[in-house]
Amino acid sequence: MNLWNLEQLNLFDNLTSEEVNQILNIVTIQQFRRSSFIFQPDDPDERFYLLHHGRIKTYVISEQGQEKIMHIFYPGDAFGRLMQSSNPMKQPWAQALDDVVVSSMDDIAFKRFMLDFPDLCLNIFRYMAAHHAKDMRRMETLMHTNASRRLVLTILDLGEHLGHGEADSFVLDPSFTHEDLANMIGVVRSTVTELIGQLRRRGVLGGRGHH
């Protein structure tokens with residue numbers, strides 16, 4: 001069963017078919033089209049999500065009206081507002097970058113899940129803790145380096161999840177624009193365009209245009 005497979009941790013490995021069906025009766029499985037919002041800051045519904053297919057970005061809007069991407073989630077990632085602050089000013093938007101499939105639980109369903117499957121719930125929290133620690137290390141690195149290095153590290157991170165190739169090179173999905181990359185590293189689009197040009201002249205990046 002591929003459902004709820006977090007990276008290399010298959011949460012259903014030791015479950016019976018009856019237990020799997022019991023879980024499927026607790027969670028809600030939804031599909032969202034590309035560019036649709038999974039949740040917005042003013043949504044009253046707080047849920048825990050697991051991404052099965054596609055990519056989702058979370059972002060906030062700065063005081064200057066600029067979109068700041070907080071994170072990009074890939075299949076197997078767990079996220080959601082159920083675990084976050086109730087202050088709407090701190091809540092992000094979550095938007096589908098592709099057609100996506102997610103499973104989710106609201107507060108009541110998640111409490112039922114914890115009571116019925118405590119070991120499984122503990123594994124999810126362990127996964128989320130490790131995921132959060134990885135994110136904090138990445139953010140710490142990005143905070144203490146220049147824009148060019150931030151761009152390289154961000155492209156490498158995207159390549160790890162989305163790139164395809166061999167040896168010491170990879171090809172990255174061109175659906176990420178210069179504007180997207182600028183939002184991820186905290187600079188304006190023109191800076192990313194200039195940095196990409198510099199990296200291409202140095203032989204770090206190949207391609208041309210948006211590819």
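A residue is called buried under 20% relative accessible area, exposed over 50%, and partly exposed in between, with a 1.4 Å probe and protein chains only. By this rule Y59 is buried, at a relative accessible area of 6%. The model is predicted: local features need pLDDT of at least 70 and side-chain atom pairs pLDDT 80 or more, while totals for chains, interfaces and linings use all residues. Residues are numbered from 1 along each chain as its sequence is written, and side-chain values use heavy atoms, with hydrogens and water left out.

The protein chain has six helices and 10 strands. These are DSSP runs, numbered from the N terminus (helices, H or I, at least four residues; strands, E, at least two). Of the 211 residues of the chain, 40% count as buried. The accessible surface comes to about 12500 Å². Carbon and sulfur atoms hold 51% of that surface. Areas come from the Shrake-Rupley method with a 1.4 Å probe; for residues, only the protein chains shown count as cover. Contact means heavy atoms within 4.5 Å. Among contacts with a separation of 6 or more, 69% are between residues 24 or more positions apart.

Strand β5 (residues 48–53) pairs with two strands. Pairing requires at least two bridges found by DSSP. Three bridges join β5 to β8 (residues 78–80), and the two run antiparallel. Here F48 has G80 as its bridge partner. Five bridges join β5 to β10 (residues 100–105), again antiparallel. In β10, V101 is the bridge partner of H53.

The largest nonpolar core has 19 residues. A nonpolar core is a set of buried Ala, Val, Leu, Ile, Met, Phe, Trp, Tyr and Cys residues joined through side-chain atoms within 4.5 Å. I72, L151, L158, L181, M184 and V192 touch the most other members. Strand β7 (67–73) and helices α4 (147–162), α5 (178–185) and α6 (189–201) each supply at least two residues of this core. Apart from it lies another core, of 17 residues, including L82, I124, Y127 and M128. Residues up to four places away in sequence aside, I72 touches I56, K57, D77, L97, L158, F176 and M184. Helix α4 also holds S148. S148 is buried, with a relative accessible area of 17%.

A search of the whole structure finds nine aromatic pairs. Rings of Phe, Tyr and Trp (its six-membered ring) pair if their centres lie within 6.5 Å; planes under 30 degrees apart count as stacked, over 60 as edge-to-face and the rest as tilted. F48 and F110 form a tilted pair, 5.2 Å centre to centre, with 45 degrees between the planes. F48 lies in β5 and F110 in helix α2 (residues 107–116), so the pair ties together parts 62 residues apart in sequence. F48 is buried at 1% relative accessible area, and F110 is buried at 5%. Y59 and W93 form a stacked pair, 5.7 Å centre to centre, with 10 degrees between the planes. Y59 lies in strand β6 (residues 56–61) and W93 in strand β9 (residues 93–96), so this pair ties together parts 34 residues apart in sequence. W93 is partly exposed, at 23%. K57 lies over the face of Y59, 5.2 Å from the ring centre. Such a placement requires NZ of Lys or CZ of Arg within 6 Å of the ring centre and within 35 degrees of the ring normal. Ring pairs also link F48, F110, F113, F117 and F125 into a cluster.
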